[in-house]
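This briefing is intended for a reader who has the sequence and the coordinates at hand. Please keep both in view while reading the points below.

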Number of protein chains: 2
Amino acid sequence: MALVYDEPVLPFVYTATIVFVMAASVYGLRGSAELSSFHRREAYLSVTLSWLVVSLVGSLPYLFSGAFPSFVNAFFESVSGFTTTGSSILTDIESLPKSVLFWRSMTHWIGGLGIIVLVIIIMPSLNIGGYNLFTLESSFQEKIHPKIKSVGRRLLYIYLSLTLAEIIFLLIGDMNLYESVCHAFGTVATGGFSPKNTSIGGYSPYIQYVVTVFMVLSGVNFVIHYYAVKRQFHKIRQNEELKFYLFVILFSGFLITGILYFQTDRSFELAFRESFFQVASIITCTGFATADYLLWPAVGWYIIFFLMFFGGSTGSTAGGIKMARHLVALKNVRHTFRMMNAPNGVIPLRINHRPISYQENNGILTFILWYLMLFLAGGLLMVFLGSDVATAFSSVATAMGGIGPGLGTIGPASNFAHLSEASKIALSALMVLGRLEIYTVVMLITPWFWKN
Amino acid sequence: MALVYDEPVLPFVYTATIVFVMAASVYGLRGSAELSSFHRREAYLSVTLSWLVVSLVGSLPYLFSGAFPSFVNAFFESVSGFTTTGSSILTDIESLPKSVLFWRSMTHWIGGLGIIVLVIIIMPSLNIGGYNLFTLESSFQEKIHPKIKSVGRRLLYIYLSLTLAEIIFLLIGDMNLYESVCHAFGTVATGGFSPKNTSIGGYSPYIQYVVTVFMVLSGVNFVIHYYAVKRQFHKIRQNEELKFYLFVILFSGFLITGILYFQTDRSFELAFRESFFQVASIITCTGFATADYLLWPAVGWYIIFFLMFFGGSTGSTAGGIKMARHLVALKNVRHTFRMMNAPNGVIPLRINHRPISYQENNGILTFILWYLMLFLAGGLLMVFLGSDVATAFSSVATAMGGIGPGLGTIGPASNFAHLSEASKIALSALMVLGRLEIYTVVMLITPWFWKN
Ligand SMILES: [K+]
Ligand SMILES: [K+]
């Protein structure tokens, strides 16, 4: 790549190292589906450490390229890449060497692949955040150990196929190969880095629709893609999370289309395209932009802010709280009244036609509490570090959800360069916390973890 | 009262009616501690209806006095009174007849008394929102039926004593009798209506400290006062909610004291007094003011905004989510990790040394979800009705928590007069929803409630 564009090669010697470290840590975990207490601990440590080490090493190309003014900036960009967040400190993206920008997009793609493996193979066996409920069937889970290699291989193929398909569709729309690959990396990993200053805004409507569709596809549980490949369509039809995910996209998409159409002088097609692109981008936590939603009528960007807490489906590269957890929370809300009217009958909650145990239910509700508490604490910290309220709280929401842009001074048309170094480090930590589903990281600082 | 001040008597003929209706509905419920399915339903209906009817009738004095320009304004003020919220549409309070202002403060006092009976006697037997956990001992609960009259009478005495004690302390500080009674009504019911335009701001530091102390006392679970009267101090020492409540007040009080002292040119005493008055006022959901926190450094009023979600203790007249529920949520957050490290051992959660069943735990977590969802939905509705974001979301937070003032255009130095009629009706509904702990009201519109 660097050779083709006649740019310095040195930074990319490190790429090999990083991919190797990543692969090694993932491989090390992959073998142990049934984990003893000791191995569980090792697994927790490895997951968090691997993201940190990879981010540290991954920031080296930025530093060596000379394009990033300080270590904190390079580290922020690297964490933002590997966690597939896509928040950037670059003020003029296009002034950077193409090879550095390519590496930047590639961090997304590597991070996204790591996430798919993490949430579909590693987390269910660690029993974190109810993941065993959302991924493969329980009957399948139990015998996943021998099948683990074939599942892993299939997931990799699906990830590759989505990337390739998008590249082809983008090429058809006259985007050049380099930009097509970068944007495909950013979409499939729901990352959001673009080699262009205006993100997807400068491209044709066709390109914008293509990216919208691929963002939506990438926010779907990869287990659904897996079923699609295996032609088990009845399992897809049974999936409540998928229905809820599509419902939220359609509902908020049309709501904002209406707001843009009636309250501004946009044509219907433009309102529709702008709305659905931004809605898909925020819900799937991608963070690409074709419009600055801060220039929309106020109601529009309030909705965008709330969508930051939705997140895509479990088992995808999307971040946030995720649809299945919201769905379980909604079911609880409904369930309360049913139980109050039938205090003696025990009616179990179900998701995707699978009963949820009390323990799992509690784990999911508590996850949402953790998420909101961290959001409030992080927002307050950012205010103390000197940000205005909109920037503070939206930067935390966007970092935890792995989205990219926020509100205030970090909107889709701005960047994170002007924040203090302390703020950048805090946001980097929140990106990792959100990406690794909070529990994995917080676990490491509980007294129970280190005891005996 | 009206006779003493030589004002029209007519509006107050209605007072008797209202107090009668209130008393009757409370009395009707009081007898039935063990409720059959049929009686449970009747109880739900009666509770919500009694608050509505009382508020409707209670708005008549405002209308007849001619001081309120429209029915919606009078109704808003009445709901705000009986729910002990204390948000007002009056722009110049002191221009009103003293008798109307006295009635206004009295609605708080009546509403507060109703709440104490509701949350300590009625709700535990309906098993709403985990109330059976927070009030009297379970052993006590089971044999509460025969004791119900004596408990009710004792609670009434405590309520009366707190009111009387505050009146005496205020009189000592040279406040006149009329204002002392009004402010004592507003404090003990954690209501917040004041007959003065500047609330407590115009009084001496002594008066401000007295009101602070009585706000804190009124935000304590009345069961604690009950134990204090019965000299069962070991039960008070065991009460985790009380400790948590005092901790939150002290922590946020000193935090804001520090902010005011170091970031403004206030003396330490002024910073301390202003901080603790406002913190106590918001946490206990009273809503009196001695300072406009919107003029504080930004960090200060962000903290105030978050405190709006805390609420006082369960079993008090305070609103909001309430300390015990936050405490249970925090315990869950801690518990998750303990469970992840001991996946096979079942360690039950406890509050006030009482084990929490899975069902109760779920009910509490779901209550918090309901609260936050309603807050978001209500805030969005207010934005659609034309408010700016700070006004919209803080008006909903303040209405649901029964606090009084908010941020934006409804700060402590402003009022709710400028809002649209639709907004006032929406906020009135949210006040009743928050006051009756959501479930009681929402229950009425579930299909399960009306079935069979
Ligand atoms: K992203
Ligand atoms: K109040």
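The following points treat a metal site in chain A and then a helix in chain B.

The structure is a predicted model. In it, a potassium ion (ligand 1) is coordinated by residues of chain A at 2.5 to 2.9 Å.

**The potassium site**

- The ligand atoms are listed as O for each donor residue: A:T84, A:T85, A:T190, A:G191, A:C285, A:T286, A:G402 and A:I403.
- Along the sequence, these donors follow the spacing T-T-x104-T-G-x93-C-T-x115-G-I.
- Distant parts of the chain are linked by the pair A:C285 and A:G402, which lie 117 residues apart. A:C285 belongs to the loop between α14 (268-283) and α15 (298-307) of chain A, and A:G402 to the loop between α18 (389-401) and α19 (421-435).
- Both members of this pair, A:C285 and A:G402, are buried.

**Annotated positions**

- An unreviewed UniProt entry assigns the annotation "binding site" to A:T84, A:T85, A:G191 and A:T286.
- These annotated residues spread over 203 residues of sequence, yet they cluster in space, with a largest C-alpha distance of 7.8 Å.

- A:T85 sits in the loop between α4 (71-82) and α5 (98-126) of chain A.
- Because its relative accessibility is 0%, A:T85 counts as buried.
- Leaving aside residues up to four places away in sequence, A:T85 touches several residues, among them A:H108, A:T398, A:A399, A:G404 and A:M431. Its contacts also include A:G191, A:T286, A:G402 and A:I403, each of which is listed as a donor to the potassium ion.

- A:T286 is placed in the loop between α14 and α15 of chain A.
- A:T286 has 0% relative accessibility and therefore counts as buried.
- With residues up to four places away in sequence left out, the contacts of A:T286 include A:G186, A:T187, A:G192, A:M215 and A:S281.

**Helix α11 of chain B**

- Helix α11 (residues 222-229) of chain B is mostly covered, with 6 of its 8 residues buried.
- The buried residues are B:F222, B:V223, B:I224, B:H225, B:Y226 and B:Y227.
- At the start of α11(B), a side-chain oxygen of B:N221 comes to within 2.9 Å of the backbone nitrogen of B:V223.
- Just after α11(B), B:R231 adopts a positive phi of about 60°.

Methods:
Residues numbered from 1 in each chain as written. Chains lettered and ligands numbered in written order. Predicted model: local features only at pLDDT ≥ 70, side-chain atom pairs only at ≥ 80, totals over all residues. Heavy atoms only, no water. Donors = N, O, S within 2.8 Å, 3.2 Å for Na, K, Ca; no water. Helix = DSSP H or I, 4+ residues; strand = E, 2+ residues; numbered from the N terminus. Buried < 20%, exposed > 50% of the residue type's maximum accessible area, 1.4 Å probe, protein only. UniProt positions renumbered as here; feature names shortened; annotations may be inferred. Contact = heavy atoms within 4.5 Å. Polar contact = N/O pair within 3.5 Å; in protein donor to acceptor, adjacent residues only side chain to side chain.
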